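Please open the structure in your viewer and keep the selection panel within reach. This tour moves from one selection to another and says what can be found at each stop.

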Amino acid sequence: MKTTTKMILSAAVAIALVGVSCKKKDDDPKPTPTTTTGNPPPNAQEVITTMKVMINDGTTTATYFYKDPDGDGGITGFYGPGTTTASAQTDSVINLLANKNYTVNLLLLDETKNPIDTISNEVLAEAADHMFFFNQQSPSALPSASVTISGTNLTITYKDSDGAATPKPIGLFTEWMTGAMTATKKELNIELKHQPGVKDGTYAPGDVDVAVPFKIKIN
Amino acid sequence: MFINKQILVFIILFLSSLCRSQNCSLQLKGIVRDEDNSEHLGFAVVKLLSPEKIIQTNERGEFVFDNLCNGNYKVLIQHVGCKDTIFSFDLLKSKKIIFKLPHTFNLLKDIEIVEKKADEVLPQAFETLKMKELDKSKGLPLGEVLKNLNGITTFNNGATISKPMINGMQGYRIMTLNNGIRQEGQNWGNEHAPEIDPFIAQKITVIRGTSTVRYGSDAIGGVVLIEPATLPDSASVTGELNTVGATNGRSGIVSGQLQGYFDKIKGFSWRVQGTVKQAGSMKTPTYYLKNTGVQEKNFSYTLAYHGKKFNAEIFYSQFNSEIGIFSSAHIGNLTDLQAAFNRSNPADSSATFSYNIDRPKQVSEHELIKFNFHFHTGLRSRFYANYAYQYNKRQEYDKHKPRNNALAELNLPDYDFRLTTHYGEVLWEHDYINRFSGKFGAQGMYQENAYTGRYLLPGFFSGTWGVFAIEKYILPKIEFEIGARYDERYITPYVLELNEFVRYHNSFSGLSVNTGFIYKPITNLKTSFYAANGWRSPSVNELYTNGLHQGSAAIERGNKNLKTERSLNLISNTQHKFKKFETELTIYNYYFSNFIYYVPADRPELTIRGAFPVFNYTQNNANIFGVDGSTKYSFIFNLYLKARGMIVRGYNIDNKQPLIYMPADRIEGTVGYTFKDKKYLKESYIEVVSQLVNKQIRVPVNSDFAPPPEKYFLLGGNLSTTLLLKRRPLIFTLSVTNGLNTIYRDYLDRFRYYNDAAGTNITFRLRMPFTLYNKNKQSKHEK
């Protein structure tokens with residue numbers, strides 16, 4: 001009797017397990033893409049394709065950009081202005097004049113979408129979790145948050161605030177002040193960091209969303 | 001003439017002047033039983049091969065051979081209605097053996113020896129890990145378990161992700177068979193370890209470089225066979241409970257299995273098995289590795305029917321794991337990578353212990369359903385039909401969450417792959433008819449791979465079919481084998497090019513041939529030599545991968561013009577056992593034409609997330625040569641010494657450079673002591689294991705992020721005993737690895753770029769076999 005009970009129990013366990021194995025996988029993707037032309041299949045991945053640096057000297061605006069047509073990986077990115085294809089420029093120099101003040105706006109776009117998605121608006125909406133950095137340098141505190149780019153005569157001052165209890169800069173809007181002319185060009189790495197819950201105005205916490213190395217030459 | 005040869009072999013192989021003085025008064029008592037119903041088989045013919053002696057069993061199935069010398073013996077047993085079977089065993093003292101006829105694939109069968117299970121000298125060029133050795137590595141990932149075999153190393157991502165490497169080859173060049181079915185997962189990733197619960201295995205066998213004709217064309221490096229215990233064949237319910245606890249990672253594992261044979265319903269047997277594992281942050285000698293926990297939940301079950309006319313089996317297994325990736329080893333871009341190399345301690349080295357698994361991590365699930373059917377087509381031949389369905393889900397989470405907070409909150413994986421595989425095979429095998437034994441079969445496989453998330457590996461359909469034939473000609477001292485197979489394979493991927501999906505179609509076909517012989521000139525000396533000509537079609541990732549692979553912090557680019565890789569390999573294996581001296585030596589050479597590998601591009605590529613190194617797939621002619629061996633000597637006073645070593649040399653013939661990621665030269669020495677069996681304590685031993693791994697100096701120039709790490713020396717040990725309580729065994733094993741808490745990094749560990757390898761780990765294991773019910777108890781523990 002005892003053994004029979006055991007047998008029945010074991011059989012029941014086995015049958016239960018068969019049930020477990022037959023779960024449905026309706027949500028599974030298919031190898032065939034949903035569309036064979038046009039946009040990649042809808043997915044929850046965000047893409048940032050373009051960073052624009054718009055530099056205004058008070059009268060005219062010069063725009064420099066870096067464009068990675070399908071986000072990271074895939075097609076090789078390139079710099080502008082003046083080029084539209086991947087075979088082009090791989091190193092962009094931002095030319096500035098000596099002893100001058102510029103106001104600079106940064107713009108992030110997702111150009112894989114139609115219409116083009118302005119990612120910088122989302123950065124602004126989530127300002128408390130995002131911050132731009134220049135050459136990985138942490139600025140002094142607001143309101144006079146600024147960094148001096150070492151090796152060249154450039155000081156960048158943050159002109160915006162995330163509106164948090166202890167306000168911290170964002171970096172979408174900055175002021176660039178140049179000093180004397182420089183003989184060589186100098187690397188200027190512009191990075192957007194995502195620092196949800198850990199933003200403290202310094203570079204260290206969080207993850208890199210965007211990192212584009214430009215070069216600066218003060219003429 | 002023969003004697004001279006024998007002496008010569010001794011001198012060459014062992015430089016030993018020990019002379020042959022043997023004890024020739026041993027007695028072998030045997031019982032022959034039917035494997036299916038345990039019936040004692042009277043009047044069976046028992047033939048002892050070399051020296052040839054023939055005897056018949058009495059009506060109770062018993063027989064006796066007297067005046068045997070110590071050594072390895074083979075007996076051929078024939079009985080009406082049963083399959084002729086050859087059993088191999090060592091005789092060091094008089095013993096009693098139960099021989100069970102018939103079924104299972106191998107000509108050579110496991111045998112149940114009442115006094116002590118002997119290590120058999122196997123008839124093929126393969127090596128096996130059995131329960132006793134497995135006890136030393138229970139709870140480790142599969143790759144780490146396999147390391148106990150000669151010629152096997154691993155490619156690691158820290159201590160928790162371990163991919164086996166055979167003869168310096170890994171990934172698609174080796175094949176893993178889980179309970180007879182080829183494991184299909186996302187094999188291409190260096191950080192994708194096989195999704196198999198090692199607790200399923202009663203026995204793990206590695207076949208190196210040969211015999212792969214049976215399983216498929218790809219496995220140029222070798223085949224790993226994971227085999228569960230055979231199901232019970234008489235009314236009983238038995239089980240086993242395993243518990244493992246380890247200090248490093250504070251891990252705990254519980255694994256159990258229960259199996260039985262129905263009393264009332266004749267012919268049915270079953271097994272249920274499951275494992276639960278939880279581990280936290282690993283620790284190097286000086287700091288914790290943040291986010292290196294592991295969680296696993298696995299189970300499997302089997303239901304089998306053994307009838308007079310046919311046998312059928314259904315096997316199901318599920319593997320679920322969540323593995324944390326050391327957060328500092330997940331790199332944003334080239335700048336971060338450079339910063340990581342320049343740091344002496346990783347950025348997160350101030351972390352404390354935790355069981356939490358956060359981003360970055362891998363979540364994988366693997367399901368296997370297998371139907372197996374076979375029947376006898378004659379006295380000595382069988383027909384098999386097998387079908388298997390596999391579902392592999394792999395999700396990889398980058399450290400980096402999406403910038404958009406709403407998306408970040410969804411916490412979706414960045415890569416999400418689903419691989420579905422259908423596999424079917426038919427096989428006919430015959431054994432020992434006019435000295436021939438062989439197998440013929442056909443296999444087919446259909447695969448679908450789909451993904452969501454970031455594009456890296458395209459979605460694809462793929463199909464393979466093949467036919468094979470193997471025949472073996474068996475003489476008492478020599479066996480010849482020849483095998484051939486033909487395969488065709490197609491791959492249809494949907495490749496993303498300039499924001500549009502393009503459908504490609506590739507097809508490959510080829511013939512693989514292998515031939516070899518096993519020569520056994522004297523008892524206990526076996527030498528085998530195999531030559532094989534194989535091929536491997538380029539895999540989907542080698543052809544079409546295109547994207548940033550965060551797992552390796554690199555942009556990987558496939559090459560759709562890759563051609564089939566062909567190999568010509570020679571492998572020779574010699575095993576010798578003389579008194580207390582055991583030796584094994586393997587020498588192999590692989591010549592590859594169109595060897596597929598990846599090379600770094602001239603300069604890193606800039607993306608919107610910064611610069612990343614680029615690796616492109618290419619092919620060249622290459623050569624891999626290796627020697628490995630082991631020796632064991634047992635002294636008086638139960639002291640034993642073991643030594644093991646291996647050398648692998650990979651060479652790119654076209655550009656005259658070493659091949660990347662070849663294992664460094666290594667040597668291992670063990671000193672052990674076996675305690676005398678007491679009334680309650682049996683099979684007790686203690687051993688100290690030391691390992692020296694040299695610096696890998698043979699690396700190609702400009703192809704790695706950082707130079708290879710320095711050589712290192714590790715000390716460890718094992719202590720084991722079997723406690724008998726009311727005739728119920730409890731097997732305790734205590735293992736120590738990296739006993740000196742040495743700070744080191746291994747060349748084949750991808751984490752070496754970022755952090756030191758794990759520090760001291762003390763593992764305690766308890767294995768408890770038990771019997772809940774046994775109808776004919778006397779047949780199980782016969783004295």
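Where pLDDT is low, the predicted coordinates should not be read in detail. Over chain A, the mean pLDDT is 78, and 74% of the residues reach 70 or more.

Before you go on, note that this is a predicted model, in which local features need pLDDT of at least 70 and side-chain atom pairs count only at pLDDT 80 or more, while totals for chains, interfaces and linings use all residues. Residues are numbered from 1 along each chain as its sequence is written, and chains are lettered from A and ligands numbered from 1 in the order in which they are written.

Next, select residues 50-56 of chain A, which are strand β1, together with residues 61-67 of chain A, which are strand β2. Strands here are DSSP runs of E with at least two residues, helices are runs of H or I with at least four, and both are numbered from the N terminus; two strands pair if DSSP finds at least two bridges between them. β1(A) and β2(A) run antiparallel and are joined by 7 bridges, with A:M54 having A:T63 as its bridge partner. Between the two strands of this hairpin lie 4 residues, and in the turn A:G58 has a positive phi of about 110°.

Which strands of chain A form an open sheet? Select β4, β12, β11 and β7 of chain A, which form this sheet in that order, with mixed pairing. Because β4 (93-96) and β7 (130-134) of chain A stand at the edges with a single partner strand each, one side of each is left without a neighbour in the sheet. Neighbouring strands of this sheet are turned by 30° against each other on average, direction ignored, where the axes are lines fitted to C-alpha atoms. Looking at one pair, you will find β4(A) parallel to β12 (residues 207-218) of chain A over 4 bridges, with A:K217 as the bridge partner of A:N95.

Turn now to chain B, which has 7 helices and 43 strands. Along its principal axes, the C-alpha trace of chain B spans about 80 × 60 × 55 Å. Of its 783 residues, 45% count as buried, meaning that 20 or more other C-beta atoms lie within 10 Å of the residue's own, whereas 12 or fewer make a residue exposed and a number in between makes it partly exposed, with C-beta atoms placed from the backbone.

For a last stop, select B:V276, which has its place in strand β18 (residues 268-279) of chain B. Is B:V276 buried or partly exposed? With 14 other C-beta atoms within 10 Å, B:V276 is partly exposed. Leaving aside neighbours within four places in sequence, B:V276 is in contact with B:I253, B:V254 and B:K297. B:K297 is 21 residues from B:V276 in sequence, yet the two are 4.7 Å apart in space, C-alpha to C-alpha.

Terms used:
Axes are lines fitted to C-alpha atoms, for helices over the stretch in contact, and angles run from 0 to 180 degrees between N-to-C directions. Two residues are in contact if their C-beta atoms, placed from the backbone, lie within 7 Å. pLDDT is the predictor's confidence in each residue, from 0 to 100.
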